[in-house]
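Here is a short briefing to read with the model open beside you.

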Amino acid sequence: MQFMETLSTPLVSLPIQANPEAPTVKSDNQNRPVLSLIDQKLFTASTLSPFSSLEYARKVFDEIPEPNLYMWNTLIRAYSWSPEPSESVKIFLRMLCESPYFPNKFTFPFLIKAATKLSRLGVGQVFHGLVVKSSFGDDVFILNSLIHFYASCGDLDFAYRVFVRIGEKDVVSWNSMISRFVQGGCFDKALELFKEMEAENVKPNAVTKVGVLSACTKMKDLEFGRWVRSYIEQKGIKMDLTLSNAMLDMYAKCGSVEDAKKLFDEMEEKDIVSWTTMIDGYAKLGEYDLGAMDVGEWNHENIKKQRMKLNCHLTTSLIDMYSKCVEELQLICSTEGMKLRSSPMLLLLPMYYACACSHSGLVEEGRMFFNQMEPVYGVVPGVKHYACMVDILGRAGLLEEAVEFIEKMPITPSASVWGALLGACKIHENVELAEQACSRLLELEPENDKALVLLSNIYAKTEKWDNVSELKKRMRVSGLQKERGWSSMEVNGTLHKFLAADNSHPLSKEIYSKLEEIVAKLKSSGHVTNKSLLLQLVDEEDMKEQGLNLHGEKLAIAFGLISTSPSQLIRIVKNLRVCGDCHTVAKLISKLYNREILLRDRYRFHHFSGGNCSCMDYWCRWEELVLKNSTQTS
DNA sequence: CTCCCCTCTG
């Protein structure tokens with residue numbers, strides 16, 4: 001690094017302030033302009049705010065004729081956090097040359113932080129030398145930073161040497177050393193240090209306990225971990241979120257998921273880490289099922305029940321978790337295929353992989369993996385794997401191959417296999433095959449109302465209205481009814497639920513006029529090209545006729561627009577899968593109204609922003625894929 | 001007026 005050369009030579013001859021109590025100004029200058037406290041605070045805020053760029057703060061700084069030491073420090077700190085910590089060092093050099101100031105006790109922690117991020121031993125050593133020369137060698141803040149720095153550079157010995165020489169170690173000194181030992185794999189030393197700390201009568205805090213627990217986790221020492229818990233309770237140390245999470249991790253990794261679960265249930269506050277830790281704990285036990293996303297512990301009803309006492313942060317975490325799981329899964333599946341053998345989830349992963357393939361249209365990969373399951377991974381495909389394969393083929397429009405595949409199955413096709421075929425028929429509007437699949441499915445599961453609903457949807461999609469009404473009659477007679485779709489939206493802790501074409505909401509009038517405004521706006525911006533979309537939004541007669549067309553999510557979004565401030569996220573939960581129209585409308589609204597919309601439907605998470613959705617429109621993509629496949633084969 | 005330490009995941 002170039003600045004190192006610049007740094008090492010002139011520093012030796014720099015006049016170093018010998019006494020920290022001495023004035024921090026090199027020379028007297030009575031005419032220095034005075035910066036108000038407010039100016040300085042504003043400047044600090046501008047360097048820290050995530051909304052303003054550091055470049056801007058830098059420009060402001062360069063306009064200031066004679067920045068004071070506080071301002072220099074602020075800028076050095078800002079760069080130490082930035083992606084370019086070397087700028088901190090450059091600013092520091094500029095300060096030495098241009099300003100009348102010596103570095104003070106605040107300057108060094110920032111500089112050392114920058115050196116830590118740079119992972120340059122030499123740079124930090126120069127600062128260390130400067131610290132000693134300028135008589136800050138006793139400052140516990142600076143020395144703690146140095147522990148962190150040396151450990152980060154991989155020199156635990158030197159970090160420990162710094163630690164030992166600190167005259168009055170504070171709790172941060174001990175914590176730094178303990179957690180650094182843990183991170184460096186010296187678990188025994190970490191625990192030893194903890195005992196030493198006890199002996200020196202330094203009161204451990206929550207951070208200490210996190211470090212100690214981490215050591216227990218890594219050593220798989222459940223005994224000691226349990227002891228730590230009782231110690232915490234005895235000494236009345238506050239169990240904050242991080243500490244609880246560390247404890248969860250300890251229990252889970254040391255093989256006591258029961259204890260983890262118990263603690264998890266007791267925790268008042270949970271975050272994404274808590275959830276991740278628990279899920280991971282279960283995963284390691286092999287109790288993990290990606291089906292479990294919608295049932296059991298984390299099903300929608302449960303979330304709703306818990307929301308009242310656990311606030312909406314939990315919901316956000318869950319949404320993140322869902323999306324994270326899907327993304328991670330796809331990542332693992334697409335890049336780490338061969339490593340699956342070493343995975344403890346061996347028996348389940350092929351299944352996940354197949355599902356991921358079916359949702360992202362990776363036909364070839366799905367086919368290949370399915371064929372490899374037994375010879376390579378030693379897993380005999382079960383009926384669920386066959387259903388997945390049918391799903392993959394069907395989604396891609398390879399209906400004939402899917403049928404052939406089912407006929408050749410060595411085991412009896414289950415309802416899920418026929419269901420997958422039926423689903424594919426809906427996508428590709430194959431009425432004849434759909435009827436066959438439906439009847440086979442009903443043979444196995446006569447009460448399966450979803451099959452009939454699906455079939456009636458296929459009839460509707462292909463405009464076979466006679467068949468639709470016939471089927472509806474049949475369903476009415478047999479008492480089968482489609483699960484009614486609803487969407488809910490939470491505003492200030494109150495849940496607002498919308499059914500299709502719902503006008504029961506107190507603000508119903510406003511909601512509908514907002515919808516009209518949306519339509520007008522979409523129209524005038526030239527975004528509405530799809531006639532059916534427009535129809536669904538405005539034609540009230542038709543709406544009543546079809547009953548279900550004006551979906552609750554459109555109402556929920558309109559309500560969201562009028563009841564939240566522009567900076568707020570619009571958060572919607574839908575019990576069924578969001579339809580293509582609502583999906584498109586949500587995308588357009590996110591762009592035209594410049595709003596972020598989070599929509600969790602039955603199957604996945606959608607984050608609409610700037611006209612796009614995080615799901616990458618995978619149900620629009622199959623159309624492209626089909627098109628591509630058909631042009632390739634023809 | 002500012003500064004040091006912490007869990008999960010990969």
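A polar contact is a pair of N or O atoms within 3.5 Å. This is a predicted model, in which local features need pLDDT of at least 70 and side-chain atom pairs count only at pLDDT 80 or more, while totals for chains, interfaces and linings use all residues. Side-chain values use heavy atoms, with hydrogens and water left out.

**Polar contacts with DNA strand B**
- In the side chain of His148, an N or O atom is 3.2 Å from a phosphate oxygen of DNA strand B.
- Bases are reached too: a polar side-chain atom of Asn144 lies 2.4 Å from a base oxygen, and one of Gln40 lies 3.0 Å from a base nitrogen.

**The surface near DNA strand B**
- DNA strand B is surrounded by 30 residues (near means a heavy atom within 4 Å), and the closest are Tyr70, Arg77, Asn144, Asn175 and Lys253.
- The most comes from α10, with 5 residues.

**Helices α20 and α21**
- α20 (residues 383-395) and α21 (residues 399-407) pack at about 160°, their axes 8 Å apart (axes are lines fitted to C-alpha atoms over the stretch in contact, and angles run from 0 to 180 degrees between N-to-C directions).
- That angle makes α20 roughly antiparallel to α21 (over 145 degrees).

How values were computed: Residues are numbered from 1 along each chain as its sequence is written. Chains are lettered from A and ligands numbered from 1 in the order in which they are written. Helices (H or I, at least four residues) and strands (E, at least two) are DSSP runs, numbered from the N terminus. Angles under 35 degrees count as roughly parallel, over 145 as roughly antiparallel, 65 to 115 as roughly perpendicular and the rest as oblique. A polar contact is a pair of N or O atoms within 3.5 Å; within protein, one must be able to donate a hydrogen and the other to accept it, and residues adjacent in sequence count only if both atoms are side-chain atoms.
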